[in-house]
Amino acid sequence: MPHRAGRHIRAGAYLAYVGGRSTGAARRPMTRGRPARMLTAMRPKTRKLWLVLHVLSSSAWIGIDVLVAVLVAVRLLAGSPARRGLAYQALGTFVWWPMLTSALICLVTGLVLGWGTKWGLIRYWWVLVKLVLNVILCTLILLALRPTMPAAIAYGVTVAAGEPATIDANGLFMPPIVSLTALSLATVLSVYKPWGRIRRARTGLAAPRSRRRDALPRG
Ligand code: HEM
């Protein structure tokens, strides 16, 4: 029956993937010269879809950070008070929530990829460090950036009206610097995947030799 046969072919393809015989085997850890059997639940197509969402959200996040940096820099670069005021009003009104949204999508898609693939969430240092960075940045957006937005709008309104600013807007230089540095680091970690596996906490011993050899599927 074609329906059953189709299911068998799909199941076979999945087992081949899980068993490391698919074309993606080159990136899979090796055990004694053979690709290690992975307990991954995700099919290749599903993984790619989540990966696309993950890369898109992290790119959007970086883009929004660049926009914040430009809006903040307008204060130094633009001559006219009207432009400076407009930039700070836009910054205070439109930036924090798209930034938080992309950061949360990046976090959720990262968690799904970690759970659903060989990388795990606390199996490799590069994933764990990215997780910590992502959570810290989300917290900073909510607790440090968002509360300063009304002051940014007030600064913009005052400057646009040609009045002397009574608020110190210098602190707004920090968020894009911190965030862009952390996101650049996260991107480098994603591509180079350094530092290998995390030691197993229960025994306090390093992973066995066969596991240590497969520590870094580079490339
Ligand atoms: C902090 C912001 C983050 C950025 C900028 C970022 C960026 C990226 C990029 C560019 C890739 C693609 C790498 C490649 O295919 O070679 C990737 C993959 C990945 N990321 Fe993230 N990521 C971030 C956060 C996270 C978080 C929080 C997690 C997990 C909790 C995570 C887990 C993963 C995993 C497991 C992959 C590999 C997926 C696969 O190849 O199957 N990422 N990340």
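Leaving aside its neighbours within four places in sequence, which residues is Trp96 in contact with? They are Ile141, Leu145, Arg146 and Met149. Contact means that the C-beta atoms of two residues, placed from the backbone, lie within 7 Å.

## Model and numbering

This is a predicted model: local features need pLDDT of at least 70, side-chain atom pairs count only at pLDDT 80 or more, and totals for chains, interfaces and linings use all residues. Residues are numbered from 1 along each chain as its sequence is written.

## Overall fold

The chain has 8 helices and 2 strands. These are DSSP runs, numbered from the N terminus: helices are H or I with at least four residues, strands are E with at least two. The order from the N terminus is α-β-β-α-α-α-α-α-α-α.

Of the 219 residues, 21% count as buried. A residue is buried if 20 or more other C-beta atoms, placed from the backbone, lie within 10 Å of its own; 12 or fewer make it exposed, and values in between partly exposed. Among contacts with a separation of 6 or more, 67% come from residues 24 or more positions apart.

Trp96 is found in helix H4. Trp96 counts as buried because 21 other C-beta atoms lie within 10 Å. Trp96 and Leu145 are 49 residues apart in sequence, yet 7.2 Å apart in space, C-alpha to C-alpha.

The largest nonpolar core has 22 residues, and Leu91 and Met99 touch the most other members. Such a core is a set of buried Ala, Val, Leu, Ile, Met, Phe, Trp, Tyr and Cys residues joined through C-beta atoms within 7 Å. H2 gives the most to this core, with 5 residues. Beyond residues up to four places away in sequence, Met99 touches Trp61, Ile64 and Ile141.

## Helix H2

H2 has 34 residues and reaches 48 Å from its first C-alpha to its last. That is close to the expected 50 Å, taken as 1.5 Å times one less than the number of residues. Its buried residues include His54, Ser58, Trp61, Asp65 and Arg75. The buried residues of H2 pack against helix H3 (81–94), H4 and H7.

## Ligand shell

24 residues surround the ligand, each with its C-beta atom, placed from the backbone, within 6 Å of it. The closest are Ser58, Gly110, Asn134, Ala186 and Ser190. Two or more residues each come from helix H2 (44–77), helix H4 (96–116), helix H5 (125–145) and helix H7 (174–192). H4 gives the most, with 6 residues.

The shell divides into 14 nonpolar, 8 polar and 2 charged residues. Here Ala, Val, Leu, Ile, Met, Phe, Trp, Tyr, Cys and Pro count as nonpolar, Asp, Glu, Lys and Arg as charged, and the others, Gly among them, as polar.
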